[in-house]
Amino acid sequence: MAKANPLQEQLLKAGLVKKSKVSEVAREQLKAKHGKAPAAASEIQREAERVRAEKAERDRALEVERKAKARSAELVAQARQIIADKKVPRTGEIEYRFTADGAIRTLLVDEALRKQLASGALVIARQGDRYELLPRAAGDKVRERDPGLIVLDHGQATGREAAASTSEDDAYYAQFQVPDDLVW
């Protein structure tokens, strides 16, 4: 048993405390003296722990944002690489006009390329300040990575309402003769 202090001895002799309680308190004092007792967390320690937790949460949020930006930059780079690798060489003297950024743009193509563009077998994609022709499969891959790079796609699925109104329009306009040399 640890040695009791004089006050404890006096309380024990007076019969105010039990011997087991005195020895328990003495053990706790001995543990506290040697640093083995659980120290009560001070206000400064709790504040420091709270600040560490906030900083860790902030760091996690910044890391998630940084990874998202890196992923989007990677997807844009992949789309540009697909355009550079899969572009169809343009030849011809027929002007093919389309709208991009609120302006009418023109590409010189031949008859075969013009028919493929009209049928949706080819799409037009933006490559910097230029426009390139891509096969449908490559255009779909580019659209998955960055839909803003696809400028013109006639093969893109349209809504059912638009298809119904188009078929009505086609039936009406079928009665008019269209000149063979008409090219927009």
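Visitor: Quick one to start: what do the side chains of Asp 101 and Arg 126 do when they meet?

Guide: The side chains of Asp 101 and Arg 126 form a salt bridge, 3.4 Å from N to O. The term stands for a side-chain nitrogen of Lys or Arg within 4 Å of a carboxyl oxygen of Asp or Glu.

Visitor: Before I go on, what kind of model is this?

Guide: Predicted: local features need pLDDT of at least 70 and side-chain atom pairs count only at pLDDT 80 or more, while totals for chains, interfaces and linings use all residues. Residues are numbered from 1 along each chain as its sequence is written, and side-chain values use heavy atoms, with hydrogens and water left out.

Visitor: Back to that pair, then. Why does it tie together separate parts of the sequence?

Guide: Asp 101 sits in the loop between E1 and E2 and Arg 126 in strand E3, so the pair joins parts that are 25 residues apart in sequence. Those labels are DSSP runs numbered from the N terminus: helices are H or I with at least four residues, strands are E with at least two.

Visitor: And is Asp 101 buried or exposed?

Guide: Exposed, with 57% relative accessibility. Buried means under 20% relative accessible area, exposed over 50%, and partly exposed in between, with a 1.4 Å probe and protein chains only.

Visitor: What's phi doing at Asp 101 in the hairpin?

Guide: Asp 101 takes a positive phi near 60°, in the hairpin of E1 and E2, which has two residues between the strands. E1 and E2 pair in the antiparallel sense over seven bridges; strands count as paired if DSSP finds at least two bridges between them. In that pairing, Arg 97 is opposite Thr 106 in E2.

Visitor: How many salt bridges does the structure hold?

Guide: There are 18. One of them is between the side chains of Arg 136 and Asp 153, at 2.3 Å N to O. It links distant parts of the chain, with Arg 136 in helix H5 (residues 136-145) and Asp 153 in the loop between strand E5 (150-152) and helix H6 (160-173), 17 residues apart.

Visitor: Asp 153, buried or exposed?

Guide: Buried, at a relative accessible area of 12%. Arg 136 is partly exposed at 24% relative accessibility.

Visitor: Which residues are linked with Arg 136 in a network?

Guide: Asp 140, Arg 143 and Asp 153 are linked with Arg 136 in a network of salt bridges. Asp 140 and Arg 143 have their closest N and O atoms 3.5 Å apart, and both lie in helix H5, three residues apart, about one turn of the helix. Asp 140 counts as partly exposed at 32%, and Arg 143 is partly exposed at 23%.

Visitor: Switching topic: how many residues are in the largest nonpolar core?

Guide: 13, and those with the most contacts inside the core include Tyr 96, Phe 98, Leu 107 and Val 109. A nonpolar core here is a set of buried Ala, Val, Leu, Ile, Met, Phe, Trp, Tyr and Cys residues joined through side-chain atoms within 4.5 Å.

Visitor: Which elements give two or more residues to this core?

Guide: Strands E1 (94-100), E2 (103-109), E3 (122-127) and E4 (130-135), plus helix H4 (111-119). E1 supplies the largest share, three residues.

Visitor: What does Leu 107 touch?

Guide: Not counting residues up to four places away in sequence, Leu 107 touches residues including Ile 94, Phe 98, Ile 124 and Leu 133; contact means heavy atoms within 4.5 Å. A second, separate core has 10 residues, among them Val 123 and Ile 150.
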